[in-house]
Amino acid sequence: MTDRQPLKELGQQLRVDAVRTADAAGSGHPTSSMSAADLMAVLASEHLHYDFDSPEHSGNDHLIFSKGHASLLLYSLYKACGVISDDELLRYRRLGSPLEGHPTPRLPWVDVATGSLGQGLPIGVGVALAGAELDRLPYRVWVLCGDSELAEGSVWEAMEYAGQAGLANLTAILDINRLGQRGPTRHGWDLDAYRRRVEAFGWHTVEIDGHDVDEIDSAYRRAREATDRPTAIIARTVKGAGVSAVADQEGAHGKPLTDAEEAIAELGGRRDMRIEVARPESGGVRRRERPG
């Protein structure tokens, strides 16, 4: 295998586990999860800094799924990180399971409940502001946004504030998969339309193929190198990527795949890869000064 092959395989594993879990639960959003699988595979493997054994570590990065309906992807990622088992994953949405339809802080690695579209990025701005101005700690904030929620005004209010504040520790990952719950999104795959709007609020932007692991890795590196403003990674993706029956197809939103076993076979079968997420390089006591 090439050096990049493990990242591609991890992306496929996340898709397979999203399909399997939705099938076991009889519900969920596998196609929304599949579009962002490569984005999360590269982030967790190469750029995220997080100590899963110490979720309260002050140096931990913050990963916020603004598109909280893609919880299948987040939980599949947790399995790949070794913090939940396959059995736990397949209890998704069952009575007593902390793996709810949208992520909540019942899980110690989840900062905030998300899923009401348009709220995750504003929360991420607040967390980034705390890191830069109050805690004065080097953690980064990564927010995964869907393109449907980019029609929410709260997103653009957050964009404006983050740009004005120069929150270089904030990265918004925009999963532009073209399809929403009811059909095509306003701008479809017109990445330039998103770029123009985001840049108008003072953000650094990077347009990429959201399934090319080299482009994804380069974009994250550029985001980490930015020192004067936040970064938006505008990723062209395919909803339901990897499975021909649902890839870029309307009418597949928010429901399990009709033939899970066929889809899993098309994705190359089950895998059980594990990744070691880098721990924070530093942390320490939050340095908050009393007002007045």
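The legends below describe close-up views of a predicted model.

**View 1. The annotated span, residues 12-262.** An unreviewed UniProt entry annotates residues 12-262 as "domain: Transketolase N-terminal". In the predicted model this span is 40% helix and 12% strand, and its end C-alpha atoms lie 14 Å apart.

**View 2. The largest pocket and its lining.** The largest pocket holds about 510 Å³ of space. Of the 26 residues that line this pocket, Leu117, Ser148, Glu149, Gly180 and Gln181 are the closest to its centre. By residue type, the lining of the largest pocket divides into twelve polar, eight charged and six nonpolar residues.

**View 3. The second largest pocket and its lining.** The second largest pocket has a volume of about 280 Å³ and is lined by 19 residues, with Tyr50, Pro55, His62, Trp109 and Asp111 lying nearest its centre. The elements that contribute two or more residues to this lining are β1 (62-65) and α4 (71-80). Eleven residues of the lining of the second largest pocket are nonpolar, while four are polar and four are charged.

**View 4. Helix α7, residues 153-165.** Helix α7 has 13 residues, which at 1.5 Å a residue should span 18 Å, and the distance of 19 Å between its end C-alpha atoms agrees with this expectation. Within α7, the residues Val155, Trp156, Ala158, Met159, Ala162 and Gly163 are buried. Seen down the helix axis, the buried residues of α7 fall within an arc of 155 degrees, and they therefore line one face of the helix. The face turned away from this buried side carries Glu157 and Gln164, which are exposed.

Key:
Residues are numbered from 1 along each chain as its sequence is written. This is a predicted model: local features need pLDDT of at least 70, side-chain atom pairs count only at pLDDT 80 or more; totals for chains, interfaces and linings use all residues. Side-chain values use heavy atoms; hydrogens and water are left out. On a 1 Å grid over the protein atoms alone, a cavity is a set of points where a 1.4 Å probe fits but cannot get out, and a pocket is an open set with protein on both sides within 12 Å along at least five of seven lines; lining residues have an atom within 4 Å of a point. Grid points are joined across faces, edges and corners, and a volume is the space filled by probe spheres set on the points. Ala, Val, Leu, Ile, Met, Phe, Trp, Tyr, Cys and Pro count as nonpolar, Asp, Glu, Lys and Arg as charged, and the others, Gly among them, as polar. Helices (H or I, at least four residues) and strands (E, at least two) are DSSP runs, numbered from the N terminus. UniProt positions are given in the numbering used here, feature names are shortened, and annotations may be inferred rather than shown by experiment. The expected span of a helix is 1.5 Å times one less than its number of residues. Buried means under 20% relative accessible area, exposed over 50%, partly exposed in between (1.4 Å probe, protein chains only). The arc is that of the directions from the helix axis to the C-beta atoms.
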